[in-house]
Number of protein chains: 2
Amino acid sequence: TVFDSDELEAIGAARIQIALKYDEKNKQFAILIIQLSNFAALLLQQDQKVNVRVAILPCSESTPCLFRTRPLEASDNLVFNEMFWVSISYPSLHQKTLRVDVCSPDQNHMEECLGGAQISLAEVCRSGEKTVRWYNLLSYKYLKKQSRQ
Amino acid sequence: TVFDSDELEAIGAARIQIALKYDEKNKQFAILIIQLSNFAALLLQQDQKVNVRVAILPCSESTPCLFRTRPLEASDNLVFNEMFWVSISYPSLHQKTLRVDVCSPDQNHMEECLGGAQISLAEVCRSGEKTVRWYNLLSYKYLKKQSRQ
């Protein structure tokens, strides 16, 4: 494939593919973390492991709001295919925001997050149909650099 | 109107309504900041002014990437109806993320941002049709409190 300069710029963003579905009968919200693409754009070292952290914000005290995929060896395209279920009513779901971070455990076993996306759930559909979408990930190194300027 | 407890929880999120449109003929991306609803959820003092700050990230060096609406006196529902145009190719647009912050000038004329939303532009449509959506705003006071826990 040959890319023009604009397209080269376009493939520069790291992305995450996520499927979302609300099952109204059982009042369950499903988050499927499918895969990451073009991960090198987040400036990761080659030998690191990577996992995806999913938070449904603001957190409710009554239900879990933080989930993590298993860690995988970093490569440019990473397939997770991990599903998380959240028990939540439809009106409650609509005031939540999904925060998705791509993180890596550092040498002290702390989690360092490399980039993320934020997805408003204000207009999630109640039909039970799955919406599958790609989301750009904003690099935290880039954001930090920006805020210092 | 009578709300049940779930609905009461649901109207708890501050929201912003935004219209987005890509005009492929002229390679222009339009961002229309329509209005804020339920603004009290961001814990604003009554006598503050409020504006919306829009950033297209990562910033390109060649084109402006930061825009601000005029400030309005805070009230629960604020109508801005301000449009911003960005010259950008369609492939470039697809790797951008829209960061929308609701801010207020403090007493030292610094900008304090109260909450925001992040919108991936990876799947913006090139048809030229306007998509109008509501997005939940995450309160920065809430996020700070969370990260201290």
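Student: Which residue of chain B does the side chain of A:Arg133 meet in a salt bridge?
Tutor: Look for a side-chain nitrogen of Lys or Arg within 4 Å of a carboxyl oxygen of Asp or Glu; that's the rule for a salt bridge. Here the N to O distance is 3.9 Å. The partner of A:Arg133 is B:Glu123.

Student: Before we go on, what kind of model is this?
Tutor: It's a predicted model, where local features need pLDDT of at least 70, side-chain atom pairs count only at pLDDT 80 or more, and totals for chains, interfaces and linings use all residues. Residues are numbered from 1 along each chain as its sequence is written, chains are lettered from A and ligands numbered from 1 in the order in which they are written, and side-chain values use heavy atoms, with hydrogens and water left out.

Student: How many salt bridges are there between chain A and chain B?
Tutor: The A:Arg133 and B:Glu123 pair is one kind of link across this boundary. For salt bridges, the count is 2.

Student: Which element gives the largest share of the side of chain A that touches chain B?
Tutor: Helices (H or I, at least four residues) and strands (E, at least two) are DSSP runs, numbered from the N terminus. The largest share is 5 residues. They come from strand 9 of chain A.

Student: How much area is buried between chain A and chain B?
Tutor: Buried area is the accessible area (1.4 Å probe) that two parts lose on being put together, summed over both. Carbon and sulfur atoms give 48% of it. A:Gln95, A:Gln118 and A:Leu138 supply 23% of what chain A buries against chain B, more than any other three residues. The total is about 2,700 Å².

Student: Which residue in strand 9 of chain A stands opposite A:Ala19?
Tutor: Strands pair if DSSP finds at least two bridges between them. Strand 1 (residues 15-23) and strand 9 (residues 131-136) of chain A pair in the antiparallel sense over 6 bridges. Opposite A:Ala19 is A:Val132.

Student: And in strand 2 of chain A, which residue stands opposite A:Leu20?
Tutor: Strand 1 and strand 2 (residues 28-37) of chain A run antiparallel, joined by 9 bridges. They form a hairpin with 4 residues between them. Opposite A:Leu20 is A:Ile31.
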